[in-house]
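Hi,

Here is the structure I promised you. Have a look at it first, then read my notes below.

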Amino acid sequence: MKLLLRSTSLVHAAHCENVLRAAGIRAEVRNTWLGGAAGDIPFQESAPQVWILDDAAEADAWAVLNAAANPPPGPRWQCAGCAEWHEAQFASCWRCGAHRD
Ligand SMILES: [Zn+2]
């Protein structure tokens, strides 16, 4: 087992666990109840922790979490004016200037 990360939020730690499990990486959250002791004991010891069960999966785990934190902007769209295709981040057509619906 390997400690992957500490989080200030139990919700965030649980989200990371869910993302990893959905990608087939066995993970679990530890320190789910020490948050109430934050301030009395060091953050390193009280913060929720996300662990992976297979040490060798660390690089894959980080890749999965980074991909989840930076999702692609969405599907491509086609201009209603000229039928040109555009990536999701563009709000208007470069060819004819029509705005995306
Ligand atoms: Zn167009």
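A quick definition to start: donors are N, O and S atoms within 2.8 Å of the metal (3.2 Å for Na, K and Ca), and since water is not among the atoms, sites may look incomplete. Keep in mind that this is a predicted model, where local features need pLDDT of at least 70, side-chain atom pairs count only at pLDDT 80 or more, and totals for chains, interfaces and linings use all residues. Residues are numbered from 1 along each chain as its sequence is written, and side-chain values use heavy atoms, leaving out hydrogens and water.

Now the zinc ion. Its donors are spaced C-x2-C-x10-C-x2-C along the chain. They are the SG atoms of C79, C82, C93 and C96, lying 2.3 Å from the zinc ion. The site is tetrahedral, with angles of 101 to 119° among the four donor atoms (four donors count as tetrahedral if all angles lie between 85 and 135 degrees).

Is C79 buried or exposed? C79 counts as buried because its relative accessibility is 5%, while C96 is partly exposed at 41% (buried means under 20% relative accessible area, exposed over 50%, partly exposed in between, with a 1.4 Å probe and protein chains only).

Elsewhere, the largest nonpolar core has 14 residues, with L4, L20, V50, I52 and L65 having the most contacts inside it. Such a core is a set of buried Ala, Val, Leu, Ile, Met, Phe, Trp, Tyr and Cys residues joined through side-chain atoms within 4.5 Å. L20 touches, among others, L4, I25, V50 and L65, not counting residues up to four places away in sequence (contact means heavy atoms within 4.5 Å).

Cheers

Notes
Four donors count as tetrahedral if all angles lie between 85 and 135 degrees; four count as square planar and six as octahedral if opposite donors are over 155 degrees apart and all others between 65 and 115; anything else is irregular.
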